[in-house]
Amino acid sequence: MSGSKSVKGAGGTPLRELLRVRPEPDGPVGLGAYDPSALPAGPRDKAAGRAATAALAKPLAGLQERLYAAATAGDRRRLLLVLQGMDTSGKGGTVKHVIGLFNPSGCRITGFKAPTPEEKEHPFLWRVEKALPRAGEIGIFDRSHYEDVLIARVRALAPPEVLEGRYEEINAFERALADDGVTLVKVFLHIGFEEQRARLLRRLDRPDKRWKFDPGDIGERRLWPAYQEAYERVLERCSTPAAPWYVVPANRKWYRDWAVSRLLLEHLEEVDPHYPPARFDIEACRARLMAG
């Protein structure tokens with residue numbers, strides 16, 4: 001499959017339209033309606049998926065280079081990929097397999113953990129603002145500002161009225177980013193309850209994976225319904241025209257990698273960056289080089 005060839009689903013719909021969350025005006029978003037093993041479009045098996053992802057490397061790298069080059073002439077546009085999902089959903093794997101298709105010098109990767117004492121002294125968006133991509137860069141957030149309305153909701157770390165204010169603050173923040181030339185690609189990596197169990201068991205079975213295992217993950221599984229509800233609330237309140245959410249079926253790792261790569265390609269093609277024109281006399285420089 002060619003990297004530049006349009007990928008369509010039913011009715012000729014681009015992948016970004018198939019995966020985009022569109023909250024109903026009169027009802028909540030329900031993750032039960034999203035199949036974590038679905039194949040909405042594109043490759044149908046692992047071999048084809050790996051090949052299709054590899055085929056996206058060249059067009060993605062070309063678009064990244066054009067984006068970076070355009071910034072040298074004052075183009076402020078950049079892209080921010082936000083990755084959220086339950087434990088084992090593949091945030092780190094996506095960074096490894098998808099962002100590995102780009103030139104690392106043009107990427108800014110940030111993993112958000114529990115806030116430090118210094119970060120707690122500031123508004124919750126303070127640490128996020130410091131990690132934003134600069135003009136021409138591709139930024140990747142492994143977890144993000146959404147932790148402050150996810151964990152805070154599940155663990156009751158903030159009262160409901162504070163959480164409500166944070167949703168609005170996030171939406172205003174993301175609108176401002178979009179107005180300033182940031183293309184936001186917010187991806188929820190959607191895995192199933194049983195798939196998470198299988199991945200945790202594999203971490204226990206493999207000595208090279210045990211370092212990823214935290215016994216606390218077992219206790220977190222007991223909060224699965226609360227986390228699903230918290231994510232539903234995020235998808236409902238914060239999937240906006242300026243910064244929509246995309247639900248990527250993530251039970252199949254190969255499909256996850258292809259889908260995120262494809263989403264990035266579609267957004268970068270829409271940005272359509274161009275190499276800047278030369279700001280010097282090309283022929284004069286050529287003549288000087290030939291004379292020397």
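1. Strands β4 and β5 run parallel and are joined by 5 bridges. Strands here are DSSP runs (E, at least two residues), helices are H or I runs of at least four residues, and both are numbered from the N terminus; two strands pair if DSSP finds at least two bridges between them. In this pairing, Lys-186 stands opposite Trp-245 in β5. Strand β1 (residues 78-85) is also parallel to β4, with 8 bridges between them, and Val-82 stands opposite Lys-186 there.

2. The model is predicted: local features need pLDDT of at least 70, side-chain atom pairs count only at pLDDT 80 or more, and totals for chains, interfaces and linings use all residues. Residues are numbered from 1 along each chain as its sequence is written, and side-chain values use heavy atoms, with hydrogens and water left out.

3. Is β4 enclosed or open? Of its 9 residues, 9 are buried, so β4 is largely enclosed by the rest of the structure. Buried means under 20% relative accessible area, exposed means over 50%, and partly exposed lies in between (1.4 Å probe, protein chains only). In a regular strand the side chains alternate between the two faces of the sheet. Both faces of β4 are covered, with Val-182, Leu-184, Lys-186, Phe-188 and His-190 buried on one side and Thr-183, Val-185, Val-187 and Leu-189 buried on the other.

4. The largest nonpolar core has 74 residues. Such a core is a set of buried Ala, Val, Leu, Ile, Met, Phe, Trp, Tyr and Cys residues joined through side-chain atoms within 4.5 Å. Helix α12 (residues 253-271) gives the most to this core, with 10 residues. The residues with the most contacts inside the core are Leu-81, Ile-99, Val-187, Trp-245 and Leu-264. Leaving aside neighbours within four places in sequence, Leu-264 is in contact with Leu-60, Leu-79, Leu-81, Val-98, Ile-99, Phe-102 and Val-185, where contact means heavy atoms within 4.5 Å.

5. There are 6 aromatic pairs in the structure. Rings of Phe, Tyr and Trp (its six-membered ring) pair if their centres lie within 6.5 Å; planes under 30 degrees apart count as stacked, over 60 as edge-to-face and the rest as tilted. Tyr-146 and Trp-245 form an edge-to-face pair, because their ring centres are 4.9 Å apart and their planes are at 70°. This pair links distant parts of the chain, with Tyr-146 in the loop between β3 (138-142) and α7 (147-154) and Trp-245 in strand β5 (residues 245-249), 99 residues apart. Tyr-146 and Trp-245 are buried.

6. The pair of Phe-188 and Tyr-231 is tilted, because the centres are 4.6 Å apart and the planes are at 40°. Phe-188 is in strand β4 (residues 182-190) and Tyr-231 in helix α11 (residues 224-238), 43 residues apart. Phe-188 and Tyr-231 are buried. Elsewhere, ring pairs link Trp-254, Tyr-255 and Trp-258 into a cluster.

7. Two arginine-ring placements can be checked directly. The charged end of Arg-221 sits over the ring of Phe-193, 3.8 Å from the ring centre, and that of Arg-166 sits over the ring of Phe-124, 5.3 Å from the centre. The rule asks for NZ of Lys or CZ of Arg within 6 Å of the ring centre and within 35 degrees of the ring normal.

8. The salt bridge count comes to 25, taking a side-chain nitrogen of Lys or Arg within 4 Å of a carboxyl oxygen of Asp or Glu. One of these joins Arg-108 and Glu-137 (3.0 Å, N to O). Arg-108 lies in strand β2 (residues 107-111) and Glu-137 in the loop between α6 (126-130) and β3, so the pair ties together parts that are 29 residues apart in sequence. Both Arg-108 and Glu-137 are buried.

9. Glu-164 and Arg-233 form a salt bridge with the closest N and O atoms 2.8 Å apart. The two residues lie in helix α8 (residues 160-179) and helix α11 respectively, 69 residues apart. Glu-164 is partly exposed at 30% relative accessibility, as is Arg-233 at 21%. Glu-164, Glu-168, Arg-233, Glu-236 and Arg-237 are linked in a network of salt bridges.

10. Which residues does Thr-88 contact, leaving aside its neighbours within four places in sequence? They are Ile-191, Gln-196, Arg-199, Leu-200 and Arg-203. Thr-88 is in the loop between β1 and α4 (91-97) and counts as buried at 9% relative accessibility.
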